[in-house]
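Here is a brief report on a protein chain and its ligand.

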Amino acid sequence: MAKAQPALAVRLNLPPKPAGRTLVIGAGKASAQMARAFEEAWDGPLSGLVVTRYGYGESCERIEIVEASHPVPDEAGFLAARRIMETVSGLSHDDLVVALISGGGSSLLPAPAPGLTLDDEQAINRALLASGAPIGVMNLIRNQFSTIKGGRLAAHCGPARVATLVVSDVPGDDPAIVASGPTIPLAGTRELARKYANLYRLDLPPAAQALLAGEDDLAPLPSDPGFARNTVRTIASAALSLEAAADLARQQKVEAAILSDSIEGESRDVAQVHAAMAREIAARNRPFNKPVVLLSGGETTVTLRGKGRGGRNAEFLLAFAIAIDGVEGITALAADTDGIDGSEDNAGAFCDGTTATRLRHAGIDPLAALADNDAYSAFAAIGDLLVTGPTGTNVNDFRAILIR
Ligand SMILES: O=C(O)C(=O)CO
């Protein structure tokens with residue numbers, strides 16, 4: 001067994017060792033790497049189970065890693081959620097549960113509420129993914145349909161203490177939203193969920209509609225006394241990744257401007273604003289002097305209208321490429337930091353002022369590709385996809401726009 005590293009333990013801000021057992025549970029695209037880091041840092045006995053996306057596993061010595069489906073849940077996730085609940089059953093006041101939570105956990109931990117099936121939970125996820133709703137709204141709605149989300153897992157751990165370590169991929173870094181907060185109660189009522197479901201015209205299965213039409217159930221509240229000893233620490237976030245990118249740019253003698261770590265909105269609209277800013281800098285040196293790199297993060301959304309392939313970052317970049325068509329001196333990267341942009345095999349893509357022309361030369365009409373939500377195919381055709389494979393972290397979107 002590898003020797004524990006106290007320095008890493010301090011950096012991860014780990015909880016003190018308990019008098020009783022230490023159980024590690026977790027879910028998300030970064031959870032396997034978090035489990036491995038935890039094993040390296042923890043000086044004491046432990047056991048546990050975490051679930052991550054297919055292909056995102058790591059080899060751990062003492063924590064079992066299970067893989068399951070994302071973004072639409074499957075049977076493997078369903079079984080993992082059940083086993084995680086069993087792992088934290090019957091604990092004592094002296095035990096410690098360490099929850100390793102990162103984005104993606106919502107679909108990796110399906111646990112349908114009474115009256116719903118896994119099929120229903122899959123249908124709910126598909127409806128949410130196609131709706132264009134921001135993640136805060138999606139997860140508020142998901143909470144209504146789950147026996148594990150919204151703090152229900154933490155409630156099940158009682159009377160043990162729960163220490164949650166979070167890698168945040170949500171705009172604003174509210175830890176209760178990351179992975180639908182299995183160990184952190186989320187403020188939000190069924191009435192609010194109903195309103196959002198109507199606003200985003202969610203096509204929910206009948207059993208989910210019936211459940212949503214009913215009264216609030218007994219979801220734990222943030223003020224529940226059972227949570228008084230629990231702690232939550234965010235150990236990585238978009239803000240930190242943007243600051244690291246800015247430092248790197250400055251080392252290369254390029255000024256960096258962090259626009260925001262929490263940009264939300266329809267990808268193509270967000271692209272228009274970023275493109276307008278980049279063109280303004282390219283033409284007039286305002287609001288920043290060249291050379292500068294504009295950095296931003298958050299989570300944009302795509303309202304599906306077409307039948308093409310591609311995630312929100314490729315869609316952002318296709319709209320951006322159209323908006324800077326022919327402009328010199330602008331180069332952009334947009335990617336999902338977990339290594340997978342939506343459901344394809346790319347993290348994102350690159351573009352510049354020649355992209356739209358190169359697409360036309362390849363026989364692709366950029367506007368038609370955008371209308372069909374087919375940005376992946378477009379960038380694949382000209383060899384401008386960014387393919388990293390799973391990165392082991394997940395702090396959401398990353399955009400870098402260099403203006404020289
Ligand atoms: O809820 C999730 O799974 C997300 O990806 C956001 O954290």
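## Ligand shell

The shell around the ligand has 4 nonpolar, 6 polar and 2 charged residues (Ala, Val, Leu, Ile, Met, Phe, Trp, Tyr, Cys and Pro count as nonpolar, Asp, Glu, Lys and Arg as charged, the others, Gly among them, as polar). Among the surrounding residues are Ser106, Ile135, Asn139, Arg142 and Val178; near means a heavy atom within 4 Å.

Helix H6 (135-144) and helix H4 (105-108) each supply at least two shell residues. H6 gives the largest share, 3 residues. Helices (H or I, at least four residues) and strands (E, at least two) are DSSP runs numbered from the N terminus.

## Contacts and burial

One lies 2.6 Å from a side-chain N or O atom of aspartate 169. A polar backbone atom of glycine 104 is 2.8 Å from a ligand oxygen. For alanine 179, the distance to a polar backbone atom is 3.0 Å. Alone, the ligand exposes 230 Å², and the protein buries 92% of that (Shrake-Rupley method, 1.4 Å probe).

## Overall fold

The model is predicted: local features need pLDDT of at least 70, side-chain atom pairs count only at pLDDT 80 or more, and totals for chains, interfaces and linings use all residues. Residues are numbered from 1 along each chain as its sequence is written, and side-chain values use heavy atoms, without hydrogens or water.

The protein chain has 15 helices and 12 strands. Its radius of gyration is 22 Å, close to the 22 Å that the globule rule gives for 404 residues, so the chain is as compact as a globular protein of that length. The radius is taken over C-alpha atoms; the rule is 2.2 Å times the number of residues to the power 0.38.

Notes. Polar contact = N/O pair within 3.5 Å; in protein donor to acceptor, adjacent residues only side chain to side chain.
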